[in-house]
Amino acid sequence: MEEAIPYLIVLAKCVFAVAFVMQIVPLLIWAERKGSAYIQDRPGPNRADILGIRAGGLVHTLVDVVKLIMKEDILPDHVNWFYWFIAPVIAMTVSLCTFIVVPFGDTFLGYDLRVSAIDGGLLYVLAMTSLGVYGIMLAGWASNNKFSLLGGLRASAQMVSYELAMGLSAAVIFLLSGSVSLQEIVGQQITGFFPNGTLLNWNVFSPWGFVAFILFWTAAFAETNRTPFDLPEGEAELVAGYHTEYSSLRFALFFMAEYANMIVAASVTTTLFFGGYSTGLPFVDGTFLRAHADLVVAAAGFGAVPPLLFFASVAWKRRNRPFYKAIPADDIRHREPKFFTGLWAGLAVAHVGLGLAGLLGLPGKLSLNLLSMGAIEDATVFGPDLVAAVVHLTVFSVKVLIGCWFFIWVRWTIVRFRYDQLMALGWKRMLPMALANLFVAALWVIVKETFLV
Amino acid sequence: MNSSEAIYLWEVVKGLALTMSHVIKNIFQPERFRTIEYPDMRKPMAARYRGAHRLLTRPDGAVKCVACMCCPTVCPAKCITIIAGENPDDPAEKFPIEFDIDMLRCIYCGFCVEACPKDAIRMDTRIYEINAFTRQDMVHNKPYMVNLMDGLKPRAETVYRDDPKAAPSGYTFDEKPVV
């Protein structure tokens with residue numbers, strides 16, 4: 001049993017990594033729909049409901065899954081069936097695999113909080129994102145029609161072109177931190193010139209880091225095939241590009257892979273430039289969180305109460321909206337404002353409980369001993385580690401979600417590039433800029449190590 | 001194109017600011033949406049909107065129509081079919097045995113309403129959802145057009161519960177001709 005624990009930990013981390021990405025995907029699909037609607041002054045999806053709870057259109061995502069499962073899975077006659085079958089699998093697998101080197105916390109009882117402690121983490125990320133092109137390319141080729149092939153060709157050409165600028169801007173981070181391990185890159189953004197954990201220690205707040213961030217982020221749009229670089233889909237010219245022939249869950253795999261790619265790109269960008277799981281508050285680092293676990297829990301618990309109560313009041317006021325006046329008095333949807341008022345108020349009460357637990361000093365004492373009511377003697381105290389892990393994971397998730405929202409935001413703001421403009425931007429603008437930036441960063445590192453240290 | 005536009009990055013930032021301002025405004029002021037959440041909410045139609053035809057009745061329940069054939073004569077789409085019969089109580093007066101309007105052919109010009117000397121037909125229902133599964137069902141007959149407002153009544157009560165003034169005039173069954 002004892003020797004099985006490391007393997008179980010690895011398994012748990014694998015499950016967590018897959019779940020993390022796959023849980024955010026439906027949320028992003030919802031954000032894409034609702035966000036695009038709000039940008040275009042529409043209310044967006046709000047029809048589907050479960051027992052009258054519409055949850056602002058979240059139910060639509062659920063209904064979508066049912067729809068995609070129920071749809072007929074068409075195998076066209078003219079495709080190369082082997083490559084046609086494995087293409088969506090490759091696309092999805094690669095995007096999920098990339099996430100395994102991204103750290104989402106420092107340590108938990110001595111276990112590294114990333115699925116795989118590969119020291120060449122960043123190189124692994126770059127390698128896996130290059131593999132991602134195979135899914136799209138094979139889909140385009142195996143579909144055996146002109147439009148899909150053009151989509152696949154565009155995807156591969158564009159991904160290969162932007163890979164260069166992406167790698168060169170990531171190389172700036174190698175130089176600045178002297179390591180390719182993502183855990184170390186994050187660690188070096190927590191410590192630095194400013195007090196531990198300060199926002200200004202992040203790589204993005206240095207001149208070369210900022211330029212590298214802009215280049216990396218732009219290349220990430222091209223790598224994930226998102227607007228303004230979504231020419232492989234190009235529905236105006238190419239029907240739907242590389243996934244024209246796919247239906248049902250095979251299409252859903254491509255669809256989810258696109259969103260999973262967004263999440264991975266946002267995670268990697270967060271890790272490289274925005275301090276990963278670093279809180280951004282001066283002096284608040286892993287050591288601080290562990291030392292003051294009770295205080296942190298109390299602050300988080302009581303701090304969450306006012307916003308939750310505000311949400312409850314907003315939900316309660318929503319019952320006066322014209323929509324609820326217009327529908328019949330016995331309509332099932334009348335329970336929605338009441339449900340959400342109860343939900344937010346209940347969460348507020350739960351957070352008061354959390355805050356009280358923090359004041360009583362429970363989180364710092366949380367141990368296997370406490371859980372087993374004294375049956376296990378001298379059990380490990382995991383409370384402080386748990387608090388640190390939860391705070392780090394929350395900070396990391398918030399940063400990733402902001403990054404993902406940026407993808408969506410840009411998609412509904414900027415129009416698609418023409419293909420020659422895309423290539424010109426990649427080769428004539430971004431590549432020289434990335435090289436010049438790398439040169440300046442290298443000079444800075446030399447100057448720093450020669451004169452300042 | 002000046003130099004700041006050529007770099008493109010600043011223009012991107014300006015565009016992003018514009019779209020985000022819309023998102024924030026829409027989150028805090030959902031009433032900005034022009035979308036009408038049909039079928040839960042409906043657009044209040046203008047008073048002179050020409051919807052589906054209805055036939056008016058006298059206090060005793062008989063249709064006002066005297067089968068004078070003015071409306072089929074004036075109808076440019078030739079969609080009105082009237083089969084006239086004699087009133088057994090008053091042989092001098094006719095009444096329509098059949099009064100059919102083929103809504104697939106009707107062009108909603110309102111000439112039938114203008115032509116009617118007895119104020120027997122009106123288009124003030126503001127019903128615009130005129131649909132059926134078969135072509136035959138698209139032909140509105142006499143009982144259908146007489147009872148048209150009964151079907152509208154519960155819906156009007158729902159839609160205009162808080163603002164009865166916005167309800168269609170036909171809903172109140174006022175007998176004054178629409179000017």
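**Labels and their cut-offs**

Analyst: Start with B:Gly15, which is partly exposed because 16 other C-beta atoms lie within 10 Å. The label is buried at 20 or more such atoms, exposed at 12 or fewer, and partly exposed in between, with C-beta atoms placed from the backbone. This is a predicted model, where local features need pLDDT of at least 70 and side-chain atom pairs count only at pLDDT 80 or more, while totals for chains, interfaces and linings use all residues. Residues are numbered from 1 along each chain as its sequence is written, and chains are lettered from A and ligands numbered from 1 in the order in which they are written.

User: What makes B:Lys78 buried or exposed?

Analyst: B:Lys78 has 11 other C-beta atoms within 10 Å, so B:Lys78 is exposed. B:Lys78 sits in the loop between helix H3 (70-74) and strand S2 (80-86) of chain B. B:Asp102 is 24 residues away in sequence, and the C-alpha atoms of the pair are 8.8 Å apart.

User: Where is B:Gly15, and which residues does B:Gly15 touch?

Analyst: B:Gly15 lies in helix H2 of chain B. Helices (H or I, at least four residues) and strands (E, at least two) are DSSP runs, numbered from the N terminus. B:Gly15 touches A:Thr413 and A:Ile414, leaving aside residues up to four places away in sequence. A contact means C-beta atoms, placed from the backbone, within 7 Å. B:Met41 is 26 residues along the chain from B:Gly15, and their C-alpha atoms are separated by 33 Å.

User: Why is H2(B) said to lie largely in the open?

Analyst: Of its 20 residues, the number buried is 2, so H2(B) lies largely in the open. Across chain B, 20% of the 179 residues count as buried.

User: What does H2(B) give to the side of chain B that touches chain A?

Analyst: H2(B) gives 9 residues, the largest share of that side. The contact takes 20 residues from chain B and 17 residues from chain A. On the chain B side, 9 are nonpolar, 6 polar and 5 charged. Here Ala, Val, Leu, Ile, Met, Phe, Trp, Tyr, Cys and Pro count as nonpolar, Asp, Glu, Lys and Arg as charged, and the others, Gly among them, as polar.

User: Why is H4(A) called roughly antiparallel to H5(A)?

Analyst: The axes of H4 (residues 121-142) and H5 (residues 146-177) of chain A come within 7 Å and cross at roughly 170°. That makes H4(A) roughly antiparallel to H5(A). Angles over 145 degrees count as roughly antiparallel, under 35 as roughly parallel, 65 to 115 as roughly perpendicular and the rest as oblique. Axes are lines fitted to C-alpha atoms, for helices over the stretch in contact, and angles run from 0 to 180 degrees between N-to-C directions.

Key. Contact = placed C-beta atoms within 7 Å.
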